[in-house]
Amino acid sequence: MTADIAASASSRIDHYPSRRSIPARFLERLDPVVYTRDVNDAPITPVQINQYEEQGFFVLEDIFSDAQVKCLQKEQQRLRMSEVNPGDEARIHEPGDNTLRSIFAVHAVSNVFARLASDPQLLTVARFLLEDEVYIHQSRLNYKPGFRGRDFYWHSDFETWHVEDGMPRMRALSMSVALTENSFNNGPLMLLPGSHKRFVACSGNTPENHFRESLRKQEYGVPPDDLLMQLANDGGIVAVDAKPGSVVVFDCNAVHGSNGNITPFPRSNAFIVYNSISNRVGEPYCNRPPRPEYICTRRSISPLKKGEGVPASE
Ligand code: 6CS
Ligand code: FE
């Protein structure tokens, strides 16, 4: 068998079987966390590299200036208020009411968020950790507005991206850019340190068009209580209080979630998901049709080039 056939054959082997109608269980992580072995002139500190390796995440403080944050906030408000074609599927509302929960593919509809996604400070870190050229697998704004912002239950993004998008291996990461204060009381991102080192294979089967519900309230691909208890007992729970303009970088398989927000203060973040160009998505592993392009980039996969950075707003 030639090398490329072997490679494509191996890429179709399901190394992380999940939602196969068998009880949930831990599987070994088969992939590195930090792919780079050469840490000379790294764009992040040894402490950050070690934290990412061991805990699955770290925080980049003060990446964007107040003027840049102001520009991002104005843009997220514009998108939030913008008239869109009725039934725009990329705009997700909270279950049961018309509160806007998320907007997906913001890098594709907004020049400001395209510049955020290609910002050299972010792209350099993603390329370093994944040791590859990268492309944007997904982007989204999670608004989590005041008073009525709902929770995002515990999950591993990779479990979904593997099963429903056909992402073969754990060679992707998310960057959550804080657009408003992420404080301990308005539903900050919570992570289970060390959870990225084991894959939680979930029970059940993926329903048809699962994304129509899962982006509002995820019920499949969710770790069961006993495995969550083990992860929390082993590594604790960290709620990340992040100032506007800071960035939480977390591994694709780090189990995370966030509580609802009944405070008057929104907890709005922009998420950019970088996938390695050598880990591009293929056929889903759940034998369902591929999810739409606004959730999972599939048509236009090419190495992301460094952009001019996030504009500053006067
Ligand atoms: O299905 C997805 O791709 C989305 N679901 C969650 C809960 N987090 C990652 C991503 O936004
Ligand atoms: Fe997530």
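R150 is partly exposed, with a relative accessible area of 33%; this term covers values between buried, under 20%, and exposed, over 50%, computed with a 1.4 Å probe on protein chains only. The model is predicted, so local features need pLDDT of at least 70 and side-chain atom pairs count only at pLDDT 80 or more, while totals for chains, interfaces and linings use all residues. Residues are numbered from 1 along each chain as its sequence is written, chains are lettered from A and ligands numbered from 1 in the order in which they are written, and side-chain values use heavy atoms, with hydrogens and water left out.

The side chain of R150 forms a salt bridge with that of D97, at 3.9 Å from N to O. A salt bridge is defined here as a side-chain nitrogen of Lys or Arg within 4 Å of a carboxyl oxygen of Asp or Glu. D97 belongs to the loop between strand 3 (91–93) and strand 4 (100–104), and R150 to the loop between strand 5 (134–142) and strand 6 (152–156), so the bridge ties together parts that are 53 residues apart in sequence. Helices (H or I, at least four residues) and strands (E, at least two) are DSSP runs, numbered from the N terminus. D97 is also partly exposed, at 25% relative accessibility.

The whole structure contains 17 salt bridges. One of them joins E54 and K197, at 2.6 Å from N to O. Because E54 lies in helix 2 (residues 46–55) and K197 in the loop between strand 8 (189–191) and strand 9 (198–201), this pair connects parts that are 143 residues apart in sequence. E54 is partly exposed at 38% relative accessibility, and K197 is partly exposed at 37%.

Another salt bridge joins E61 and K243, at 3.8 Å from N to O. E61 is in the loop between strand 2 (57–60) and helix 3 (66–81), and K243 is in the loop between strand 10 (238–239) and strand 11 (247–251), 182 residues apart. The relative accessible area is 44% for E61 and 39% for K243.

The next topic is the interior. In soluble globular proteins, nonpolar side chains tend to be buried together. A nonpolar core is a set of buried Ala, Val, Leu, Ile, Met, Phe, Trp, Tyr and Cys residues joined through side-chain atoms within 4.5 Å. The largest such core has 42 residues, and L116, L129 and Y274 have the most contacts inside it. Helix 6 (residues 120–130) gives the most to this core, with 7 residues. Leaving aside neighbours within four places in sequence, Y274 is in contact (heavy atoms within 4.5 Å) with residues including L116, L122, A126, V134, M175 and L304. Apart from this core lies another, of 15 residues, among them Y16, F199, V281 and C296.

Finally, there is a metal site. The iron ion (ligand 2) is coordinated by H155 (NE2), D157 (OD) and H256 (NE2), at 2.1 to 2.4 Å. Donors are N, O and S atoms within 2.8 Å of the metal (3.2 Å for Na, K and Ca), and since water is not among the atoms, sites may look incomplete. H155 is in strand 6 and H256 in strand 12 (residues 255–258), 101 residues apart. H155 is buried, with a relative accessible area of 9%, and H256 is buried at 3%.
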